[in-house]
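Please read the following report alongside the sequence and the structure.

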Amino acid sequence: MTEATRTLTGPLGPAPVRTLALCLVSTAATGAGLLLPAALGHTLDLLLTRAPATRWVLYCAGIVLLLALLDACETVLHGTLDARTTAWLRRRLTRHVLAVGPRAAARFGPGDLVARLVGNAAQAGTAPTGRAALLAALAGPVGGIVALALIDPWLAAVLLAGAPVLALLLRALARDTRDCVARYQKAQGRIAQALSEAVRGHRTIEAAGAADRETARILRPLPELSEAGHRMWRVQGRAAGRSVAVAPLLQLGVVAVAGVLLARHRLTVGEVLAASRYAVLATGVGVLVGQLAGLARARAATERLHEVLAEPAPGYGERGLPPGPGRLELRGVTARRGGRAVLDGVDLVVPGGTTLAVVGRSGAGKSLLAAVAGRLAEPDAGEVRLDGVPLRDLTHDALRRAVGHAFERPALLGGTVEEEIGLALSSPSPARVREASRTAHADDFVRRLPQGYATPVSAAPRSGGESQRLGLARAFAHGGRLLILDDALSSLDTVTEARITAALVNGGRHDGTRLLIAHRATTAARADAVAWLDGGRVRAVGRHEELWGIPEYRAVFAGEERA
Amino acid sequence: MTEGVHRRGLRFLRDRWRVVLRLGGWSVLETGQTFLTGFALARGLDAGFLAGRIGTGLAWLGVAGLAVLVAAYGTVRVYDAVAALAEPLRDRLVTRVVSRGVREGDAGSLSGLTQQVEIARDTFAGLVMVSRSFVFTAVGAVVGLASLHPLLLLVVGPPLAAGLGLFTVTLRPLARRQEAFLAADEALADRLGAVCPGLRDITAAGAEERVAAGTRTCVDAEQRAADALARWGVLRVVSLALGGRLPIVLLLACAPWLLDHGVTAGALVGALAYVTQSLLPALHNLVHGLGTSGSRLVVVLQRLMREATCGAEAETVARTEAEAETGAGGWAGAKPQREAGAEGRAEDEREPSNPPALSLTSVTFAYGPCATPVIDDLDLTLPPGAHLAVVGPSGIGKSTLAALVAGMVEPRSGTVRLRGHPVPGPEAAALRVLIPQEAYVFTGTLAENLGLLRQTPVPEAELLGAAEAVGLLPLLEALGGPTATIDPAALSAGERQLIALTRAYLSRAPLALLDEATCHLDARAEQRAERAFADRPGGTLVVVAHRIGSARRADRVLVMDGPHTAYGTHDELLRRSPTYRDLVGGWTPAPSQPALALRDPDRVDAVAGTGLAGDGGHVVAHGPVGQVQAPRDLRHRGSLGGEG
């Protein structure tokens, strides 16, 4: 994807007009804020000398009103711009992640992907507003100092002399906290660890009536957590104590100098008032620092989004599929994972309409073979053809319509049972969903759900076997000339499994080609042929009972006799 | 709900009135600083700089500087007091989350612990800081204005009150927008949390476009909520303008009148300083802090409380069940099975003095009032010392039966008794131990883990004896003895099961319920563990079987299969129960003897007419093995599909 490598957004973000408007508004607000003290001071002087001041009072009122208006505009612009940028980023990333597919989850881990799409996108979304407000944040302190210098250079000198102290003390805040934060997180981690163990073992705990004892045991590090927490507050308090004193002291310093100048009649009362205000504005460097830190965070987050976008999405071809029985060919397929060839020059042909079982020890490359056969993963070398057409030449729709998948652990997306089963290019009819559900032996338990097929899967307690049956129903409803079951029967009891396999192999329900990744000898025995994978290569292809004579083949199923 | 959170919040603070008082006490120092911000400036000008007395002026500013330092010290102590409120709140929430997690086995409690509790802690502390700061600053400014000249208060007071009033009125609608935003944000996170782990399935289904569209809806909804929040934020700006900015204009407009009524130049400057340097920033923080953090805190607390209190019983039970069953959790039916317990009951009548180890009488159980029962009118009686295996297709209700016997769920009708004691009940609870499939092993010493079900530490000799009986001894030695600390993640599932089994063996409960508790052990280890339980003197054993071997070893078998539920010995059931034959058949083609199983003439296949679609089924491999051609008519090969 060429657009992936390009910059995510320009410096102005996806809504440049708004960003510019925000920059203008916030800078104008800062400008008005800088104007106000001078106007106030001058008005005050006029008032104190009993000179006519109505015009100046009106000026001040105008500036105050303008400030409020600009503030309102800034609030709306800031909020909506953040929302717009974040939403834009999320839409863009979601699209890309979906286009990349399983590779994205494999590369980053699903949890991390979610964190990037939710948290990082929100952080990165503040980049345009951060940049827009930067000018204003810079203009405040600089303008304050300039204004002080204009009133009297001594005032600016006092402030600038005190500024290094301010900077030093602000830095102390960042240094101190890290250690106790680490301790806090460690104690928290211990509690979380023990809790996650107990959550997994809660049935034992419940049966033993040991909930109270276990709760107490898990909470044992709580005092430590509490102590670390108190320490964090203390450190923060000390840092805050230092930093809150600095700015007011600097202001008082400026006012003191201004007072002396006033006594010597070099300044007016109004100018003293203005000076004290400008001193406040000049010490607003903290705002600037915070703004810069926010921008740095936003940039780091954008970087993490870039990483996701840099992951290339597979391209699709232009060709459709000719009519055919679903003949699957793998030619010299090699696929590497982490430098190791998990599939190493695999050649296989599955004639249309037949069932091939793929067996092998764990780590033999069975799942990757299933993924490559349905183009859920790309081979590093070699080619996969369906009815003579290389998979990569097929259009997205032609490919996905032709190949159906079921997995050991189907992912359910949080819709209703009907939606989950009907997950496909275009949703299948309710009748087809129910028919598929019956074939997968899922209809029974679905109909016992509170709202049947309309029950949200999140509200339906499910076990591995039930999830698996929903996944199978999804594959059956999807149809297509090639059906790939990647260990999709493993959590079923043997009786149900036998019934489903028989229905499949019989061809009654599905007249295409079937590729079954199998662990059980019974499944392998029902297939037309078995491909025995070993170390990424096809060790042998033949009928189950033919291969059974080889002791090493039998060893593949050792330990698989459980129900 | 909100009321509940508010009321609890008030109670929480009332219980800690000393801390609140301390917080107030140290905050008064801040009031002092605020007071002097304007007052010292006014005095310094009037009595000092304007009067030509530079020393006096500087002295007043020095006093203000001192107040700044004192207030800074106060800030340090204020943090301590805030800690004394926020940390107990966090402790309390952590306790709540942990106890809920342990009780309900809810994995969501983990994010509650690491995220929501922390959000609650931080926002709560922030709220305390901001609202306290506003109150004490406002008091300082008001007192200062009054002491400079009461008329100043008359000018500044009304707009300040109006601004605060407007803010209070808009607090609720603003909080609603904030809540709506949080809800939309969460819905989006949930959606992405489902999509990201499901990428493989989405790609496989070719549903990228549909899922993208669905996700876009969530993104758009979140954006709309954020936009609404931003627009409503204008109300805050208005409150701020009214309360903090209008007084500046009013002070100027009224200046001639004020000066006429004895307000000095210094007092006027002081009043302006109060408004711009104290009230405006404090109001700004309050308006922005309370609006966002307040509703955030309420939302998070509501979530933490709701999950803790509303233990919707059925939901919990259902979840427990789904997790408990390997194959399937839910709604499998069982038809009346009156004759099931006949044999057991006869034994019971023979020995009336000796109550049965377990008796179920007309037990019916369903997950909901409208749901089809999972167990329907089941009778079953086991004498002490019996060894029962429960078999059946997954999802049929085997684990539910175990849960009923353990008293973890209650039947809709009928009774369960252990040695005559009603289940659930404390006496009955002491008589049984349940070992579920998912073994509970925690980070701690092996002895702690093994002694979980005992009130006092187990003597080492007994520990080693149990380990020997169950088959844990080699692992125990490999781990470094009973005092070794174990890391559950470093153990295999089978090793964890061995630990759980040994723990149950040590519990001394006469009835052991093994609910697929040996599924990760190999057949030999499983046999050894089951034998250990069966051989306990007077010990009764109920095994929800994972392998058919468990049923062979048992002296009686319960086949659960809805209308075809049957009860008897292995041999009887082979004759009587087709389901049992199916199960045995399915289990049997253990790789050791496939040919025998495949050719078993007695075998009745569950699937009628399993003829393989075999015209010309051939597979060609181009691999290292060369070409293996297997074109043949499968129908004539026979036996595979059970046609003999």
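## The sheet of chain A

In this predicted model, chain A holds an open sheet of 6 strands with mixed pairing, and the order of its strands is E6-E7-E8-E3-E9-E10. Strand E6 (403-407) and strand E10 (537-542) of chain A form the edges, and because each has a single partner strand, one side of each is left without a neighbour in the sheet. From one strand to the next, the twist averages 15°.

Within this sheet, strand E3 (residues 355-359) of chain A and strand E9 (residues 529-534) of chain A run parallel and are joined by 4 bridges. For A:Val358, the bridge partner in E9(A) is A:Ala531.

## Helices across the sheet of chain A

Helix H13 (residues 366-373) of chain A lies across E3, strand E7 (482-486), strand E8 (513-517) and E9 of chain A, and runs at about 155° to E8(A). H13(A) is mostly covered, with 7 of its 8 residues buried, and those buried residues are A:Lys366, A:Leu368, A:Leu369, A:Ala370, A:Ala371, A:Val372 and A:Ala373. After H13(A) comes A:Arg375, which has a positive phi near 55°.

A further helix, H18 (residues 464-478) of chain A, lies across E6 and E7 of chain A, where its direction makes an angle of about 175° with that of E6(A).

## The sheet of chain B

Chain B also holds an open sheet of 6 strands, with mixed pairing and the order E6-E9-E10-E3-E11-E12. E6 and E12 of chain B are the edge strands, each of which pairs on one side only. On average, and with direction ignored, neighbouring strands of this sheet are turned by 15° against each other.

Which way do the residues of strand E6 (residues 432-435) of chain B point? B:Arg432 and B:Leu434 point one way, whereas B:Val433 and B:Ile435 point the other way, and all are buried. E6(B) pairs over 4 bridges with strand E9 (residues 511-515) of chain B, in the parallel sense, and B:Ile435 has B:Leu514 of E9(B) as its bridge partner. E9(B) is in turn joined by 5 bridges to strand E10 (residues 540-544) of chain B, and these two strands run parallel. The pairing of E11(B) with strand E12 (residues 566-568) of chain B is antiparallel, with 3 bridges, and the bridge partner of B:Leu558 in E12(B) is B:Tyr567. The hairpin of E11(B) and E12(B) has 6 residues between the strands, and in this hairpin B:Gly562 takes a positive phi near 50°.

Helix H18 (residues 523-534) of chain B lies across E3, E9 and E10 of chain B, and runs at about 150° to E10(B).

B:Ala489 is found in the loop between strand E8 (485-486) and helix H17 (493-505) of chain B. Is this residue, B:Ala489, buried or exposed? B:Ala489 is exposed, because the number of other C-beta atoms within 10 Å is 11, and a residue counts as exposed at 12 or fewer. Between B:Ala489 and B:Thr443 there are 8.9 Å in space, C-alpha to C-alpha, although the two are 46 residues apart in sequence.

In chain B, the secondary structure comes to 23 helices and 13 strands, and 54% of the 644 residues count as buried. Among the contacts in chain B with a separation of 6 or more, 75% are between residues 24 or more positions apart.

The contact between the chains takes 160 residues from chain A and 158 residues from chain B. On the side of chain A that touches chain B, the residues divide into 88 nonpolar, 39 polar and 33 charged.

## Confidence in the model

Chain A has a mean pLDDT of 87, and 94% of its residues reach 70 or more. Over residues 1-6 of chain A, however, pLDDT stays under 50, and for this stretch the model has 7 contacts beyond four places in sequence. Where pLDDT is low, the predicted coordinates should not be read in detail.

Terms used. Residues are numbered from 1 along each chain as its sequence is written. Chains are lettered from A and ligands numbered from 1 in the order in which they are written. This is a predicted model: local features need pLDDT of at least 70, side-chain atom pairs count only at pLDDT 80 or more; totals for chains, interfaces and linings use all residues. pLDDT is the predictor's confidence in each residue, from 0 to 100. Two residues are in contact if their C-beta atoms, placed from the backbone, lie within 7 Å. A residue is buried if 20 or more other C-beta atoms lie within 10 Å of its own, exposed if 12 or fewer, and partly exposed in between; C-beta atoms are placed from the backbone. Two strands pair if DSSP finds at least two bridges between them. Ala, Val, Leu, Ile, Met, Phe, Trp, Tyr, Cys and Pro count as nonpolar, Asp, Glu, Lys and Arg as charged, and the others, Gly among them, as polar. Axes are lines fitted to C-alpha atoms, for helices over the stretch in contact, and angles run from 0 to 180 degrees between N-to-C directions.
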